[in-house]
Amino acid sequence: MYFNIQRFSTHDGDGIRSILFLKGCSLACPWCQNPESRSEKHSLLFDERSCLEDCQLCSDACEGIERELASNKIIVNRKAISEDQIIALRDVCPTQALSVVGEEAQVDTLFDTLMKDKPFYDQSQGGVTFSGGEPLMQPQLVADIAEKLQQNEVSTAIESCMHVPWKNIEKAAPYIDCWLTDLKHTDDEKFLDWAKGSLKRIKENFRKLAPIAKRIVIRVPVVPGFNDTDEELQKIIDFAASLESCKELHLLPYHTLGINKYRLLDMPYLCSDKPLNKPELLERAQQYASEHTELNVTVRG
Ligand code: SF4
């Protein structure tokens, strides 16, 4: 299942790219900018600000939605709404106050859409990036599309948190030119506490991927209270430098642009409501990398 195709992106790999966003992730990072991608199923977003006062199309269509008499507000009882009911709501709302995220993925249809911008990929040395969510939760889909893209001389990249079984990575690896992979920490307990996943599994996957990948770029979201110290960033840099196919590392200062989506999903936002403001820390990390490793470390917005 996928939830978006973003065309003409210049942020997620080289050149002009199309980004295919797939649903489902096995981590629960509280700073995630795409919380609608976490579930592998359809998701329901509700934005009260766009709801029409005298409308009841959605409450008529779904038992789990009602207009509360006292407040005249729409109440979405998510626990009472099945996935089939969510799917049935897709075209109900005239203002998109209520919207359904998630489309069934068909390899040929997605491939045809992604190929529409091939002239732009060719001109800019761009291509297609698989993102999410965690795209390798759907390894066969990624492998099938990436193989067709490579056969048509389109460069492929993937954004992955690496928190998947190795067999998933192995399936897609022959068809991926560039791995844009997260390494968020090096301490197993802290990682488990914040992201609810196994760092051991991620490190093992990196060790196995490094000898067979053409290019690994490690990306580090620098998050207040999680990994925003010199020591933590230096350990991440040291790990990245130990991987033979990794020559680049991007530091991504934490921002809060995703907060609104949590409100639309009725999910609590558990991370800081202030962006990271530690330019000196990032400069020191770059300095450390240049003095102790051969990594090219840059700060990305
Ligand atoms: S269909 Fe849309 S506009 Fe109408 S009540 Fe529901 S959320 Fe509001």
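1. The chain of this predicted model is divided into domain 1 (2–38 + 103–299) and domain 2 (43–101), with bounds taken from an automatic or database domain assignment. Residues are numbered from 1 along each chain as its sequence is written. Local features need pLDDT of at least 70, side-chain atom pairs count only at pLDDT 80 or more, and totals for chains, interfaces and linings use all residues, while side-chain values use heavy atoms, without hydrogens and water.

2. The centres of domain 1 and domain 2, taken over C-alpha atoms, are 33 Å apart. Nine residues from domain 1 and nine residues from domain 2 take part in the contact (heavy atoms within 4.5 Å).

3. Between them, the two domains bury about 800 Å², of which 51% is on carbon and sulfur atoms; buried area is the accessible area (1.4 Å probe) lost when two parts are put together, summed over both.

4. Two salt bridges are found across the interface of domain 1 and domain 2 (a side-chain nitrogen of Lys or Arg within 4 Å of a carboxyl oxygen of Asp or Glu). The side chains of Arg 90 and Glu 103 form a salt bridge at 3.5 Å, N to O.

5. The largest nonpolar core has 67 residues, of which Phe 130, Trp 179, Ile 218 and Leu 249 touch the most other members. Such a core is a set of buried Ala, Val, Leu, Ile, Met, Phe, Trp, Tyr and Cys residues joined through side-chain atoms within 4.5 Å, buried meaning under 20% relative accessible area (1.4 Å probe, protein chains only). Another core, of 14 residues, lies apart from the largest one and includes Cys 62, Ile 74, Ile 86 and Leu 89.

Definitions and conventions: Buried means under 20% relative accessible area, exposed over 50%, partly exposed in between (1.4 Å probe, protein chains only).
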